[in-house]
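This report describes one protein chain for a reader who has not seen it before. Please look through the sequence and the structure below, then read on.

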Amino acid sequence: VLHEIAPWSHDVIAIALDDDQGAYIDNDTWPAPHWHAYMNWLKTTVQHTVGTRVPLFINTYQMKVTASAPVWAWGNWYQSDAYRIGDHDLAQLAFSTGLLQTQPHRPVMTSEFQAGWLQGAGEIAPRPAAPENTTLALHQMLQQGAHGVVNFPVQDTLNPPGWEAPWANWSYAWDAALTRTGEPSPRYAPTAAFGQLVRRYGTYLASLRPRSDASIAWLTSAYESALMNDRRVGELAALTIANQQRCRALALTCRLVDLRYDSLHDLLRTHVLIVPATGFPLRFTPRVVALLRAFRERGGTVVTNANDALAAGARSSTGGITDASLLLSPDGRSGVLDVMNPGTVARATAPAAIDLAGRRIVIPPISIPQGGAVDLRIGADGTVTQLHGGPASPLTPAPIAPAWRAVPNGRAVAYRADVLADGERDDVLDNGIVRVVVAPGAGARAFVFTRDGSESNAFTTIGAFRDDVQTPATPSPRDYIARYTHPLEAGTFNRAYRCALDVANPTRALVRCDYTAPDLGNGGVRFRKTYELAAGSRALVVTLEASAPGRSLSAFALPSSLTVTWPAGAQHSSLERSGYRLDQLDYPAGTPTRIELRLQGASGGGANRR
């Protein structure tokens, strides 16, 4: 892969050595000599090919001891299932970003960020999330010194045939800033606004770092590693988050430090250090004890909570403005005051005064819309001006028009075209009354069943007649996260079928598809399915057959004028969700099973149009 990308190496910013390594504070990557050996082996291998010019990183989330990573650790964060970002999400984001601050002399970077979540395997849309969540989360990371954020993703796409992740859908949708067709979504405006801010002031913003009023010790590595367990690490995380949130309430900017890896010089960036009182019957390592002694000897004060930090002389660098951070230039003479408003109503701050390079700067009242943020640039001469990113570039998306053919009266035709605009040729059945689209590369699922000339669709982005088996394969004992990656028993479900069109008979349009799954059953399971549309009919006839007891999953839009006739005596169940119905059909091995779907006119207003 590294050799293949060589012609474009000048565009490579950094290289990820692995995905989700060291993720979660209950991971076993500390002190884990095998993990460190593995990371170092990857580092050596990659640098042997590309040299040492390109930075290497790992993608992690709340790593137990981030500072111990032998390569640069970038973070990731996704919003919870709450519609609007709240204290829980902001606390988790602050903690996740704060752990990245513990890496000595490495910028804070986020390799995966999305203020939402993807469309699941059995869902026709991503879970709802307020667009302003993007603004709040981006400015929260900016306030904590983030110098790079990968918007994951910035545009909804399709999973390529043959590569659909088992926990996702054929439609890889997040309600991202751009839709699959390139049109702006509600999340476009906040994404573009932050992008314009970076485009206009990025070089300056990249030179800034937050002024810290106090430090909070992340203590996982302060004890001998053999004495730590997941329960104790969890307690440390809770104590750390509680102190971070108390700092927020007190308008203090508190950074995280790791006493095993921070130097005395770095520790003295603030004169107040919060060392949470754990109650553990443990002693710090000799190195940490010596560092704390030296910190006190140099005038530092050690306290056990954020309230005591205030009493010990920590002062708000934002002049008492909460949900704010002062980002300073390297010489400390200028900077940016970033203020956000997580509230549900507009916010107005009182006049405030901040100290900058020995000069008192008066910050005028600031009006911040709900879910918004404001950035004030403070010049070396004491002037205060608001940063504006400017209007976002207008979008002119190219429309994606289905490649329909004209169908003669009284005939049914089958043909191939890239109807779904995914770079693959789809099978189309059309009789001039109704139209069906089957995607061979997506498990020979049907994604469109509609009247000619109508935009309404009786199927959803999940598709109809997705294959599964009644008896799943035994998961690998090494599949530690099977419950997350296999919501469907057959695992990856868009296996590429071989499909053949039958064009000999003009009174019917017919497509036959088959595939043998080598990893299912003893020696594999063969699936066959046919789609048939007769001339002059509104009925689609589907026949399923498998060499083992099969299962088929279909998702229909609701309400619709579709009626489905299942085989008599078949094991069939339905589950209605918001806007669609998910149907499951179990059928016996070796016996063709016939299903009829009839479309009686245009689908209702609730039909899926995505």
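## A strand residue: Val564

Val564 is found in strand β31, which covers residues 562-565. Strands here are DSSP runs of E with at least two residues, helices are runs of H or I with at least four residues, and both are numbered from the N terminus. Leaving aside neighbours within four places in sequence, Val564 is in contact with Phe556, Arg581, Ile595, Glu596 and Leu597. Contact means heavy atoms within 4.5 Å. Val564 and Ile595 are 31 residues apart in sequence, and their C-alpha atoms are 7.2 Å apart in space.

## Basis of the model

This is a predicted model, in which local features need pLDDT of at least 70 and side-chain atom pairs count only at pLDDT 80 or more, while totals for chains, interfaces and linings use all residues. Residues are numbered from 1 along each chain as its sequence is written, and side-chain values use heavy atoms, with hydrogens and water left out.

## The chain as a whole

The secondary structure of the chain comes to nine helices and 34 strands. Along the principal axes, the C-alpha atoms fill a box of roughly 90 × 50 × 50 Å.

Of the 610 residues, 53% count as buried. Buried means under 20% relative accessible area, exposed means over 50%, and partly exposed lies in between (1.4 Å probe, protein chains only). Among contacts between residues at least 6 apart in sequence, 67% join residues at least 24 apart.

## Helices α3 and α4

Two packed helices are described by the angle between their axes and the distance between the axes. The axes of helix α3 (residues 132-143) and helix α4 (residues 188-206) come within 8 Å and cross at roughly 30°. Axes are lines fitted to C-alpha atoms, for helices over the stretch in contact, and angles run from 0 to 180 degrees between N-to-C directions. The helices α3 and α4 are therefore roughly parallel to each other. Angles under 35 degrees count as roughly parallel, over 145 as roughly antiparallel, 65 to 115 as roughly perpendicular and the rest as oblique.

On the α3 side, Thr134, Thr135, Leu138, His139 and Leu142 meet Pro190, Thr191, Phe194 and Leu197 of α4. By class, this contact of α3 with α4 has five nonpolar, four polar and no charged residues. Ala, Val, Leu, Ile, Met, Phe, Trp, Tyr, Cys and Pro count as nonpolar, Asp, Glu, Lys and Arg as charged, and the others, Gly among them, as polar.

## Helices α2 and α5

Helix α2 (residues 87-101) packs against helix α5 (residues 230-249) at an angle of about 110°, with the axes 10 Å apart. That makes α2 roughly perpendicular to α5. From α2 the contact takes in Asp87, Leu90, Ala91, Gln92, Ala94, Phe95 and Gly98, and from α5 it takes in Ala237, Thr240, Ile241, Gln244, Gln245 and Arg248. By class, the contact of α2 with α5 has six nonpolar, five polar and two charged residues.

Ile274 lies in strand β11 (residues 272-274). At 0% relative accessibility, Ile274 counts as buried. Ile274 and Thr240 are 34 residues apart in sequence and 9.4 Å apart in space, C-alpha to C-alpha.

## Disulfides

A disulfide is a covalent bond between the sulfur atoms of two cysteines. A search of the whole structure finds two disulfides, each being a pair of cysteine sulfur atoms within 2.5 Å. Cys247 and Cys254 form a disulfide with their sulfur atoms 2.2 Å apart. The torsion about this S-S bond is about -85°, so the disulfide is left-handed. Cys247 is buried, at 1% relative accessible area, and Cys254 is buried, at 11%.

Another disulfide joins Cys499 to Cys513, with an S to S distance of 2.1 Å. The torsion about the S-S bond of Cys499 and Cys513 is about 115°, so the disulfide is right-handed. The pair links distant parts of the chain, 14 residues apart, with Cys499 in strand β26 (residues 498-502) and Cys513 in strand β27 (residues 508-517). Cys499 and Cys513 are both buried.
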